[in-house]
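Dear colleague,

I am handing over the structure we discussed, and I would be grateful if you could look through it alongside the notes that follow.

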There are 2 protein chains.
Amino acid sequence: MAKVSRQTVTRAMNDMSGINPATKQRVLDAARELAYRPSRFGRGLVTQGAPALGLVVVDLTNGFWAELASSMLDEATERGWTVLIVEASHDVRSTIGNLLEHVDAVFGLIDLPDEELDESLGATPVLLLDRPETTARPGIRLDFGSAMDAAVSHLLATGKRRIVMLDWARDDAMSHRASQFVAAAQRRGLEPLVLHDAISREPGIEVGRQAAPAARERWPDLDAFVCFNDYVAVGAIKYLQSQEIDVPRDISVVGIDGTALGLVVTPELTTLRFDLREVARIAMDAAIEMVERPPVSGEPQQWSVTPSLTVRHSS
Amino acid sequence: MAKVSRQTVTRAMNDMSGINPATKQRVLDAARELAYRPSRFGRGLVTQGAPALGLVVVDLTNGFWAELASSMLDEATERGWTVLIVEASHDVRSTIGNLLEHVDAVFGLIDLPDEELDESLGATPVLLLDRPETTARPGIRLDFGSAMDAAVSHLLATGKRRIVMLDWARDDAMSHRASQFVAAAQRRGLEPLVLHDAISREPGIEVGRQAAPAARERWPDLDAFVCFNDYVAVGAIKYLQSQEIDVPRDISVVGIDGTALGLVVTPELTTLRFDLREVARIAMDAAIEMVERPPVSGEPQQWSVTPSLTVRHSS
DNA sequence: CTGAAAGCGCTTACAG
DNA sequence: CTGAAAGCGCTTACAG
């Protein structure tokens, strides 16, 4: 339409030098009229484009994942990478399959059995968040060990003796978080009390609101809750408030994750807070490494991050 | 390495029929050893791949954006699209530039002057969220008009008379939200009271915590706050609590956005709640339309969404 | 300042 | 069951 060759179009569209301004304008006009947009595939084939990381989160409306996503975005931008975020709440398999078309590496929590994992992911470099040691894939583990110890010690120091974990999971198995609580409680000679919720679809406020009274019925003398996450903790506090049970005097509440929620609820929530910035840094560096280097055989690399106990007013 | 042609590699990698199992295995083994991964660009050039939408948000850790992002993800997946989320908090220009390499259309809040907008976005179809009417681009407007009326009426009905808007903006101009509040107040014959914050970087809890006392100093007889968003409202409630001022008896507080935060704070927050699911639906349909149809000249299309007043316990 | 040629890495017919 | 040819839509030298 502009009566020029494709190279000249390239020059006009990409703002390159060595083109007559009038020619350039003619090309740009024609492009507008034809609604012409360069194909990202054609261009990428030649220029390689910026590498992209796929981030698989569980639920963006959960502060933990929102904060991780936000941190990943920052860290990626700094390194010239692009991030593609997907929520793998519904159909994990097809979500992942779709994602792979667009990215050079994947990071996130992928809740799939090992065999399916290999099948879905193929040769794409993957870094798994918080997966059991059984996978032959590199990963970042959320290690609650020492932080759970700190939380239990803190509750003991404030005079609490009957600590109940309000757990949550998709199935009947105890969560990783709860099992670490059990270990910490036993190390202190406490009876490990765990109430397990496998009914609710999401570990939200409602879980805590319903689990707290159930726990009190089962262990009337309980004096502290450690909760699966901050949402469950907020639900527990909301229930206790409704019963005019004083937090923390009568019952202390400790959350996990360190989301912004904890600063909104009254009293402000004691919680195990992750440095997600740090997680994002590790993940980006590992992803770049995996994409650039040939695959190292042998032990898959494992990182570990530990939350720290942030004491506020709910304990 | 496997001593086969590229077509056979294609067959092996893509799980196609018409290939000898032994050959396939040989190819797969070689692929693994060479860490071979098909180029997404080469493949996309032929298959076209799934179309991608770029979503530009302000801050993923803000519940409004997290919920919008989550809804967009859902709606996009249903339509076979992929979503690429970016946060345009720091360097908007380069963030957008980077994004364009990867997507077929863009949706979101892009805080750039009109000329720069055209320059940055080029021919990419764009749908703007909550931009002034001045742009010659299609968009979705957040229209507070009738909802502000409802909020003011509700406060009047509960006996409040001196309503103060706690506003926030990046610069000295009144926000769109505040100007709609002013209009609603004037329609009811009220003096429109607005306190403007242009100091804080983000419209977070701290803004409310600091603005609330400032407002009380300036208008000692105030009896209600309407806040720029839920975060500011939570900050105001936190301050009032600290002063043992009863909410809502002494001072009512109304937020905007309808984020999950409002259910966590005590008392639970009355707020103007958007149906972000609806916004996501409109945006996805419009994006698909823009990519598939040639560009229509004439008036750019405009949609409008109105929040609804959700009365809880802070008013 | 403009254009002809080569090639990026795949897949889709088609031939054998 | 396997391979030779063509082509997807760009950009990068290079020639004029």
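For the classes used below, Ala, Val, Leu, Ile, Met, Phe, Trp, Tyr, Cys and Pro count as nonpolar, Asp, Glu, Lys and Arg as charged, and the others, Gly among them, as polar. This is a predicted model, in which local features need pLDDT of at least 70 and side-chain atom pairs count only at pLDDT 80 or more, whereas totals for chains, interfaces and linings use all residues. Residues are numbered from 1 along each chain as its sequence is written, with chains lettered from A and ligands numbered from 1 in the order in which they are written.

By class, the surface near DNA strand D comprises seven nonpolar, twelve polar and two charged residues, where near means that the C-beta atom, placed from the backbone, lies within 6 Å of the strand. In total 21 residues surround DNA strand D, and the closest are A:Thr10, A:Ser39, A:Gly42, B:Asn20 and B:Thr23. H3(A) gives the largest share of this surface, five residues; helices and strands here are DSSP runs numbered from the N terminus (helices H or I, at least four residues; strands E, at least two).

Between the protein chains, 44 residues of chain A are in contact with 44 residues of chain B, contact being C-beta atoms, placed from the backbone, within 7 Å. On the side of chain A that touches chain B, H4(A) supplies the largest share, seven residues, and the residues of that side divide into 24 nonpolar, 14 polar and six charged.

Finally, A:Arg249 lies in the loop between H10 and strand E9 (252-257) of chain A. The C-alpha atoms of A:Arg249 and A:Gly54 are separated by 45 Å.

Best regards

Terms used: Two residues are in contact if their C-beta atoms, placed from the backbone, lie within 7 Å.
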